[in-house]
Amino acid sequence: IVLGLADALVEIAVIHAGSLGIYNSTELTGLAGIVAGAAASLAMASAAFAQAKQGFEGSPSLAAGYTGGSYFVAAVALALPYFLTRSMLVAITASILVGLSIIAFVTWYNSIIVGSRFLREFSVLAAVMLGATLALYVFGIIIRVVFGITI
């Protein structure tokens, strides 16, 4: 579950940010995240299944289901704000807040289980997500300008 969530939070957030740089539509941005999320959740599930077959004591099918399912749920949660508003700023802000909330929950849960420091771990994961999001937004703008996209 954590693997699916962690990967989805960064990957889907940056897909949304890159898409916002390219498109002038929150709906297209949300759809890009849903489509990419569906594809990536299948890829993550397949990888979890294959990894579990190589010595994991649990069920490969459950590992695949939990990993792929958590990925897709996170992708939908991050995409939802793009369908609820036409304002790009509101959509990306809400999506990032959803992502940060999920990171906070997973980090808090992990800090209890393994005894790690919540604030330090949260800061690192949040910085990765926010840094990648900013980088892909800029990349999307560059693509829009270079190719003259007006969608």
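The questions and answers below go through a predicted model, one feature at a time.

Reader: What makes Arg86 and Glu27 a salt bridge?
Author: Their side chains meet at 2.5 Å, N to O. The cut-off is within 4 Å, between a side-chain nitrogen of Lys or Arg and a carboxyl oxygen of Asp or Glu. The pair therefore counts as a salt bridge. The structure holds 1 salt bridge.

Reader: Why can such side chains pair at all?
Author: Side chains of opposite charge can pair when their charged atoms come close.

Reader: Why is Arg86 called exposed?
Author: Its relative accessibility is 69%. Exposed means over 50%, so Arg86 qualifies.

Reader: And why is Glu27 called partly exposed?
Author: Glu27 has a relative accessible area of 26%. Buried means under 20% and exposed means over 50%. The value for Glu27 falls in between, so Glu27 is partly exposed.

Reader: How do you know that the length of H2 agrees with that of a helix?
Author: H2 has 28 residues, and at 1.5 Å a residue they should span 40 Å. The end C-alpha atoms of H2 are 40 Å apart, so the two values agree. Just after H2, Gly55 takes a positive phi of about 125 degrees.

Reader: Which helices do the buried residues of H2 pack against?
Author: They pack against H1, H3 and H4. Among the buried residues of H2 are Gly30, Gly33, Ala40, Ser41 and Met44.

Reader: How do you know that the span of H4 fits too?
Author: The 27 residues of H4 should span 39 Å at 1.5 Å a residue. The end C-alpha atoms of H4 are 38 Å apart, which agrees. Just after H4, Gly115 has a positive phi of about 75 degrees.

Reader: What do the buried residues of H4 pack against?
Author: Their partners are helix H1 (2–22), H2, H3 and helix H5 (118–147). The buried residues of H4 include Ile92, Ile96, Leu100, Val106 and Thr107.

Reader: Why are Phe105 and Tyr109 called stacked?
Author: A search of the whole structure finds 3 aromatic pairs. In the pair of Phe105 and Tyr109, the ring centres are 6.4 Å apart and the planes stand at 20 degrees. Rings pair if their centres lie within 6.5 Å, and planes under 30 degrees apart count as stacked. The pair meets both limits, so Phe105 and Tyr109 are stacked. They are 4 residues apart in helix H4, about one helical turn. Phe105, Trp108 and Tyr109 form one aromatic cluster.

Reader: Why is Tyr109 called partly exposed?
Author: Its relative accessibility is 46%. That lies between the 20% and 50% limits, so Tyr109 counts as partly exposed.

Reader: What makes Phe118 and Phe122 a stacked pair?
Author: Their rings are 5.7 Å apart, centre to centre, with 15 degrees between the planes. The limits are within 6.5 Å and under 30 degrees, so this pair is stacked. Both residues lie in helix H5, 4 residues apart, about one turn of the helix. Phe118 is partly exposed, at 32% relative accessibility.

Reader: How do you know that Thr133 is buried?
Author: Thr133 has a relative accessible area of 5%. Buried means under 20%, so Thr133 is buried. Thr133 is found in helix H5. Not counting residues up to four places away in sequence, Thr133 touches Ala13, Val14, Ala17, Ile92 and Ile96.

Reader: What makes Phe147 exposed?
Author: Its relative accessible area is 62%, and exposed means over 50%, so Phe147 is exposed. Phe147 is in helix H5. The C-alpha atoms of Phe147 and Ile22 are separated by 9.6 Å, though these residues are 125 apart along the chain.

Reader: Which helix supplies the largest share of the lining of the largest pocket?
Author: H4 does, with 6 residues. H1, H4 and H5 each supply at least two residues of that lining. The largest pocket has a volume of about 270 Å³. Of its 15 lining residues, the closest to the centre are Val2, Ala6, Val106, Thr107 and Leu125.

Key. Residues are numbered from 1 along each chain as its sequence is written. This is a predicted model: local features need pLDDT of at least 70, side-chain atom pairs count only at pLDDT 80 or more; totals for chains, interfaces and linings use all residues. Side-chain values use heavy atoms; hydrogens and water are left out. Buried means under 20% relative accessible area, exposed over 50%, partly exposed in between (1.4 Å probe, protein chains only). The expected span of a helix is 1.5 Å times one less than its number of residues. Contact means heavy atoms within 4.5 Å. Rings of Phe, Tyr and Trp (its six-membered ring) pair if their centres lie within 6.5 Å; planes under 30 degrees apart count as stacked, over 60 as edge-to-face and the rest as tilted. On a 1 Å grid over the protein atoms alone, a cavity is a set of points where a 1.4 Å probe fits but cannot get out, and a pocket is an open set with protein on both sides within 12 Å along at least five of seven lines; lining residues have an atom within 4 Å of a point. Grid points are joined across faces, edges and corners, and a volume is the space filled by probe spheres set on the points.
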